[in-house]
Amino acid sequence: MLSRTADNLYWLSRYMERADFLARIVQATQRLTSLPVDYGQPRQGTEWESALASAGVEEAFLKTGAPMDEASVVEYLTFSVDNPSSIRNCIEYARANARSVRTALTIEMWEAINSAWFELKRFEQINIGRSRFDREELTRFLDFVKKMSLDFDGCAYRTMLRNDAYWFSRLGVYLERADNTARILDVKYHVLLPESEAIGGSLDYFQWTAILRAVSAHTAYHWVYRQSIKPWLVADLLILKMEMPRSLIACYDNIVYFLDALGRAYGIQGASQRHARNVMERLQTATTREIFQSGLHEFITTFVEDNSRLGETISAQYLVI
Amino acid sequence: MARARGYDEMTLDDGAIRTAYERIAKWLAEAPKDLLASRHSHAELMFRRIGITFNVYGDKDASERLIPFDIIPRVIQRTEWVQLEAGLVQRVNALNRFLCDIYGAQEIVRAGILPRDIVETNPYYNKAMIGQKVPHDVYVHIAGIDVVRIDANDFYVLEDNVRTPSGVSYMLENREVMMRLAPDLFADHRVAPVENYPDALLAALRSVTPTDGHEPACALLTPGPFNSAYYEHSFLADKLGIELVEGRDLIVENDTVFMRTTEGPRRVDVIYRRIDDDFIDPEAFNPTSMLGVPGLMRAYKAGNVTIANAVGTGIADDKAIYTYMPEIIEFYLGEKPLLKNVPTWRCRDPDSLKYVLEHLPELVVKEVNGSGGYGMLVGPHASSAQIAEFAAKLKDDPGNFIAQPTLALSTCPTFFDTGIGPRHVDLRPFVLSGANGVRVVPGGLTRVALKEGSLVVNSSQGGGTKDTWIVDDGYTNGNGFQTQSQSQGLGFGQSQSQSFGQNQRQS
């Protein structure tokens, strides 16, 4: 298939997945900010700063000069035209990609993304015409974003032919999802615990709970571990548990699988396949003890870098040649 | 006396708003009525989608009903809560000690504090439990203590529910729905979270495992989908990450309980049962029970399984025993009760019976062993025919009844079709006991009598529920609260913004 088509499919999936992630980050942060004083009081603004840091847009936000408060940060992450990674722009880019490969999409996929775009326009109108920050409207918007992404994902899964077009779109999904899972785990690193708060105290507990909720893994956690929330188990679930559909290792299991499918179909293995297998191997041999000893944040930082490098390698090998 | 304007939790007598409710009042005032109505129907939709329903016995047409949810949260200040919490912990400690004693040495009877017959003729005094030890002497792992307010100062305990108290799923789901419904209010208040309840419950259950040396396996035993609280059973099992079992899923071999799984029998150590004592084991109790597990009591008595709550706790929430609670607390703990009992006439006592019969129109009369608002008379709301009928029952079997004054329960603002008005409420906090002591998750289930003037809050009798907020006192608002002076923040969170950059060539 055309490199450009593959590129469009790959990015279309990434943007749809990212929109979902941004919605989840905003919701998790709202939950963090509503924890009571009794459970410790992070320095004001830390949570929203942390949301920006996790989304990787903190510096860009600071350059806008907007105040570090809920309304400005949420605006930046959701409807901002200037933030290339806002939800609004993710959906815009996704649709733009979809339009240029309209024929490579099934009707269901196109309709899913196109109607999501119309819905976005409706929400944007409401957002522009509004005099103040409206949390109820925001809740509706974020719910829509999550639903839209599920809808699109389901359409792709159920209607696409299993050929290279499908494999590239799946690669986009899993690469982005791995990146996002890692980032959401890192939220906890950026949120400051107040000085008086011991790690493992109540605030810590509720923060980890918020992280689990953000990735819809709260119930899964209990089914897997059957005990109360422990940081290292949360990390275990989201990094090393194959059963957890968005854990790093589960994402890489898929990435390796789809890259192999491409390699077999094209009769050639390349740098992407090798790089993906390397990452996978490291995940397979890692233990939470090790990860915590050398630092969860450091582990995540390395992972996110490795993951981006895989993105670049895939681009170089298939998409922009 | 019930007609007098009671204590309103939001509004003072002169119409001013109490501090705790200032922002709620503002929220209500700012919302046009149709907005509230749309929030209300949105809430109902969410509850339907979640599937949180309950079955009403004796009502075939509406066997799956939603409990009405009121969109106006009830607010309790932290200082008030701290008082209430201490009282609840004290009370549940006393209840555990009482049960341990009553099935053991019976010191409280020998000390002459509790009449022997009130214990031994009590239908909930379970003879199978006499002399039986339970792990860590915990009988009441989960208690739902119903409390009411009639003024600013005190909470009164209406009843202690220590058999299989229900309603906690509403406490949890009400919060989730409320957070989605009114995110602004949550940004303005710092509300104590309740979401750790399942974790706390699981920790309590695991702590009372009878056998060391392996991971305790817990299961929730339900009567099945036809039970009125089935939704709650499945909800809790899911949140706890434990199996939801029916009697037929369990077997007892060598006095040990197993569940039937696809991988063969698996041992069960702790059973959180939501089945009454009578039905729990057809070998030991009601032989016609299809819900129970034959041999369960054998395993229990052999110390191979923990049942939560323990078998035989029913005696402690009996309304006749209730009247002795202040004495029970003093006897076991040597402390004055922190929470008050509602003054109660024991009709078994002839003088009290005489008084009660003379004052029926102003009293609430309850069956000693009744629950769920069935079999009670609310004097001020009863017709003279109903009163006469009840008087006959009373004379017939006085020992089966107690009477209480009609309390002017506190009211909270409540939304209904034609506006907002005060409605009577009670509160059921959930108290957990395990090997490591007693704890209460800050909050509870507020039940509200939706009919104007009504005092009956039971869901089976048309009551509704509210989200209940424990909020910090003196917290001003989202913008104005204290900031801590530490300023290491920026340097600490070294940002890593690279990877989102790579795709910006896309447009």
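Predicted model: local features only at pLDDT ≥ 70, side-chain atom pairs only at ≥ 80, totals over all residues.
Chain B contains 15 helices and 21 strands. Of its 507 residues, 57% are buried. Contacts in chain B between residues at least 6 apart in sequence can be split by separation, and 68% of them join residues at least 24 apart.

Helix 13 of chain B, residues 350-358, has a buried set made up of B:Ser352, B:Leu353 and B:Val356. These residues lie on the same side of helix 13 of chain B because the arc they cover around the axis is only 100°. The other side of the helix carries the exposed residues B:Pro350, B:Asp351, B:Lys354 and B:Glu358. The packing partners of the buried residues of helix 13 are strand 12 (345-346), strand 13 (363-367), helix 14 (384-396) and strand 15 (401-405), which belong to chain B.

Helix 9 of chain B spans residues 230-240, and its buried residues are B:Tyr231, B:Glu232, B:His233, B:Phe235, B:Leu236, B:Ala237 and B:Leu240. Just after helix 9 of chain B comes B:Gly241, with a positive phi of about 70°.

Next comes a pair of packed helices. Two packed helices are described by the angle between their axes and by the distance between those axes. For helix 2 (residues 33-50) and helix 6 of chain B, the angle is about 135° and the axes are 10 Å apart. Helix 2 of chain B is therefore oblique to helix 6 of chain B, and the crossing between the two is right-handed. On the helix 2 side of chain B, the contact residues are B:Arg39, B:His42, B:Ala43, B:Met46, B:Phe47, B:Arg49 and B:Ile50. Helix 6 of chain B meets them with B:Glu173, B:Asn174, B:Val177, B:Arg180 and B:Leu181.

Side chains of opposite charge can pair when their charged atoms come close. B:Asp467 and B:Arg175 form such a pair, with an N to O distance of 3.0 Å.

Another of them joins B:Glu195 to A:Arg213, whose closest N and O atoms are 2.6 Å apart. That pair crosses between chains, running from the loop between helix 7 (183-188) and helix 8 (197-207) of chain B, where B:Glu195 sits, to helix 9 (residues 202-214) of chain A, where A:Arg213 sits. B:Glu195 has a relative accessible area of 10% and so counts as buried, whereas A:Arg213, at 23%, is partly exposed.

A further salt bridge links B:Lys336 and B:Glu330, with the closest N and O atoms 3.2 Å apart. B:Lys336 counts as exposed because its relative accessibility is 60%, and B:Glu330 is partly exposed, with a relative accessible area of 36%. In chain A, salt bridges that share partners connect A:Glu17, A:Asp153, A:Arg170 and A:Arg177 in one network.

Terms used. Residues numbered from 1 in each chain as written. Chains lettered and ligands numbered in written order. Heavy atoms only, no water. Salt bridge = Lys/Arg side-chain N within 4 Å of Asp/Glu carboxyl O. Helix = DSSP H or I, 4+ residues; strand = E, 2+ residues; numbered from the N terminus. Buried < 20%, exposed > 50% of the residue type's maximum accessible area, 1.4 Å probe, protein only. Arc of directions from axis to C-beta. Contact = heavy atoms within 4.5 Å. Axes fitted to C-alpha atoms, helices over the stretch in contact; angles between N-to-C directions. Parallel < 35°, antiparallel > 145°, perpendicular 65-115°, else oblique. Left-handed = near helix turned anticlockwise from the far one by under 90°.
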